[in-house]
Protein chains: 2
Amino acid sequence: MQSILKKEQKYQIIPFTWPKGYKSDGVHAGLRKNPQKKDMGWLYSKVPAQAAGTYTTNQFQAAPTKLTKQTINKSHQLQAMVMNTAIANSVTGEQGMLDAKKMQQLTADKLDITPDLVGVASTGLIGEPLPMKTIAKGISQLELLDNDYVTSAILTTDKHQKTIAAQVEIGGKTVTISGFCKGSGMIHPKMATMLGFVVTDANIQDGLLQDILSQQVDSTFNQITVDGDTSTNDMVVTLANGLAGNPELTTQSPEYEDFISAYNAVLSELAQDIAADGEGSTKLVEVNVENAATHDDAQKVSKAIVGSNLVKAAIFGEDANWGRIIAAIGQTNAKVDIEHTSVWLNDLELVDNSSSANFDEITMKESLKDNKITILVDLNSGTATGQAWGCDLTYNYVRINATYRS
Amino acid sequence: MQSILKKEQKYQIIPFTWPKGYKSDGVHAGLRKNPQKKDMGWLYSKVPAQAAGTYTTNQFQAAPTKLTKQTINKSHQLQAMVMNTAIANSVTGEQGMLDAKKMQQLTADKLDITPDLVGVASTGLIGEPLPMKTIAKGISQLELLDNDYVTSAILTTDKHQKTIAAQVEIGGKTVTISGFCKGSGMIHPKMATMLGFVVTDANIQDGLLQDILSQQVDSTFNQITVDGDTSTNDMVVTLANGLAGNPELTTQSPEYEDFISAYNAVLSELAQDIAADGEGSTKLVEVNVENAATHDDAQKVSKAIVGSNLVKAAIFGEDANWGRIIAAIGQTNAKVDIEHTSVWLNDLELVDNSSSANFDEITMKESLKDNKITILVDLNSGTATGQAWGCDLTYNYVRINATYRS
């Protein structure tokens, strides 16, 4: 039994930087009480960029999420995104949509572009109206700079910024893909995700960006869970402004797979970062499922394990309670060889053919102290694989969420 | 907006007692360390009783659960059930089934009946083999008595026994229905439930008992959740020995609805008792959904709310964070009037037509101190209703489950 082999890597992960032609900024407008904490930000491309998005499937989709979806669907282009934290502008009725549109218009006015090129994203408390005076003040303060302040201006209970950048060569040109996101609680994306933004200077064939995003979101953001709750505001928006000057990328380009690998690395890293920084978490949990009948089965089983409160609490307690992993697997409708399922934890065999492996409790206990726990499951039902990420369930998760509004 | 009206009650809830012809006992055999804690018990009917069961849908169904299902399916009769706590005899391979059969045989020998009339139930840690010497010792100690010791012999992390009895008149005869169960963690029954036993002396038409059980389990045990995890050992077994001497009960009997009401009251009370005693819980949460398009939608929405970690943590924190209730509703695929959804908490209006109701924070905060929280949701999409029960998510839930094996 071997772990999943990494493909040869044709891209480079680099310190966070903006791709060619992007400017941004972040400010404290006054939505958050602490004046040290930025609460509004924006992102701008010198030229209109190809744009694609994925959005929450929660029926109570927030006004900014709905508006951004409508805006992107008009021409599949955006030139700017404006974001705020603290107030989600969700379940705010007609006024919520008017406020989101106002935020879009104010941003367009300041940038002297059409509102149809401006996306809007909000995150924070559900059900409160946006304080529009503060929002207007924030927009008036924003400038077109090279800082990364916007990546902290979207955080809520997150402990740190979540950013990453990758570079890949396409037709002799360096293409940069940069991503940032927020997300800590209410994380259980379904065909959508938390606020995530991925910008690139790649020149990409019309329409292809949405295909790439949708595919890659399925195996990254949609495979994380913190608490099983799907937010009303989730969205990932991706922009490609073409300023890298590479020959137009198509599915036939020789470097297409390299670009996809780099793009996937950006999304995957951000997704793991959200899981690791799940509210109250002390450990990142990665589950790899092998020998599943289908990829869908493998994805389902891996997500069921990272989603189990009991598994999460056992990992917090550094307790190798494998019965809970087995119970989580069995709850799914995936094809499972119930007599020959095996489980490893950090490369130590825990379950051997559906029976306790004779593991050494002391070695296992020591291994459980790591702050990344990797669980590998062999379903003995085929050849497909899948992956998911989550975190442990801790006293701090309860504390943070018992007092969120106060 | 009115709460669900109670139907006229034709049955009486009485202090726990056994129906006619049942004997039982519970002992400390040595499976649990604490000698004060009973860990094995049994239940016996003077005559073979009609039997029916519902069982976990977890693919890793435990050996005792599988064996009891097979046994009941042979002739739809049982005369005895033997139970143990501490070790679940789940994911124990072939030896597990041999052990469950041995437990069945030892019990049959002692009672001088065929093993085909003995059901077996185990609960506790998954993956450990049953210590058969201790089991044999326990069976040798059991007697045919009138005590209720068996109702405590099946508990694990439960804080108290969960018992109830109801009486109803059928054809001039008093019929008693008595139920007991255990369940505190790994509670998210799906078409099945935790260990639950409902015995009656009613004389019931052949085959009807299974229909009644299956129907009633759907609206009671299957509508509770503690942590979203479905156990490998869940089962409800019901026995009817006919010794009340009532005219045979059929769906055409004049008192059929009265019997169903009483039977439902027993299951519903036990289900709520499990939810209220969920691991670490301080509050029982009841959700009633009204004006849903279908009963299924109402059941789904009510269960989504009691299942949301964020709602549960907010209730623990006595925080009227209604956005989380709305987010939980929106996560389902139930038909929802997203502009006209309203929510009440303990009869105080929280959400009015998908906007914050102007509730008084102090009154609401006071109400949230109750140890039973009732949430009422109006979906404005039809006339169907549904109900579910759960509990809050607390530090103690995490503590109990971070250290379960130790």
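This is a predicted model: local features need pLDDT of at least 70, side-chain atom pairs count only at pLDDT 80 or more; totals for chains, interfaces and linings use all residues.
Colleague: Let's begin with one residue. Where does N89(A) lie?

Modeller: In a loop of chain A. That loop runs between strand 4 (77-84) and helix 2 (93-111).

Colleague: Is N89(A) buried or exposed?

Modeller: Buried means under 20% relative accessible area. N89(A) has 1% relative accessibility, so it counts as buried.

Colleague: Which residues is N89(A) in contact with, leaving aside its neighbours within four places in sequence?

Modeller: Among them are A62(A), P64(A), D99(A), S122(A) and L130(A).

Colleague: Now G26(A). What is its place in chain A?

Modeller: G26(A) is in strand 2, residues 22-27. Its relative accessible area is 5%, so G26(A) is buried. Beyond its neighbours within four places in sequence, G26(A) is in contact with residues including K38(A), M40(A), L142(A) and Y149(A).

Colleague: How far apart are G26(A) and I362(A)?

Modeller: In sequence, 336 residues. In space, 48 Å from C-alpha to C-alpha.

Colleague: On to sheets. How do I read one?

Modeller: Strands of a sheet pair through backbone hydrogen bonds, and the pairing is either parallel or antiparallel. Then read the order. Chain B has an open sheet of six strands, ordered 13-12-11-14-10-15, with mixed pairing. Strand 13 (355-356) and strand 15 (384-391) of chain B are the edge strands, since each pairs on one side only.

Colleague: In what sense do strand 10 and strand 14 of chain B pair?

Modeller: Parallel, over seven bridges. Strand 10 covers residues 284-292 and strand 14 covers residues 372-378. Take one bridge: L284(B) has K372(B) as its partner in strand 14 of chain B.

Colleague: What does helix 7 of chain B touch on the sheet?

Modeller: Helix 7 (residues 295-307) packs on the sheet and touches strand 10, strand 14 and strand 15 of chain B. The direction of helix 7 makes about 20° with that of strand 15.

Colleague: Last, the two chains. How is an interface sized?

Modeller: Often by the accessible area lost when the parts come together. Between chain B and chain A, about 4,700 Å² is buried, and carbon and sulfur atoms give 54% of that. Chain B brings 54 residues to the contact, and chain A brings 55 residues.

Colleague: Which helix of chain B gives the most to the side that touches chain A?

Modeller: Helix 9, with eight residues.

Technical notes
Residues are numbered from 1 along each chain as its sequence is written. Chains are lettered from A and ligands numbered from 1 in the order in which they are written. Side-chain values use heavy atoms; hydrogens and water are left out. Helices (H or I, at least four residues) and strands (E, at least two) are DSSP runs, numbered from the N terminus. Buried means under 20% relative accessible area, exposed over 50%, partly exposed in between (1.4 Å probe, protein chains only). Contact means heavy atoms within 4.5 Å. Two strands pair if DSSP finds at least two bridges between them. Axes are lines fitted to C-alpha atoms, for helices over the stretch in contact, and angles run from 0 to 180 degrees between N-to-C directions. Buried area is the accessible area (1.4 Å probe) that two parts lose on being put together, summed over both.
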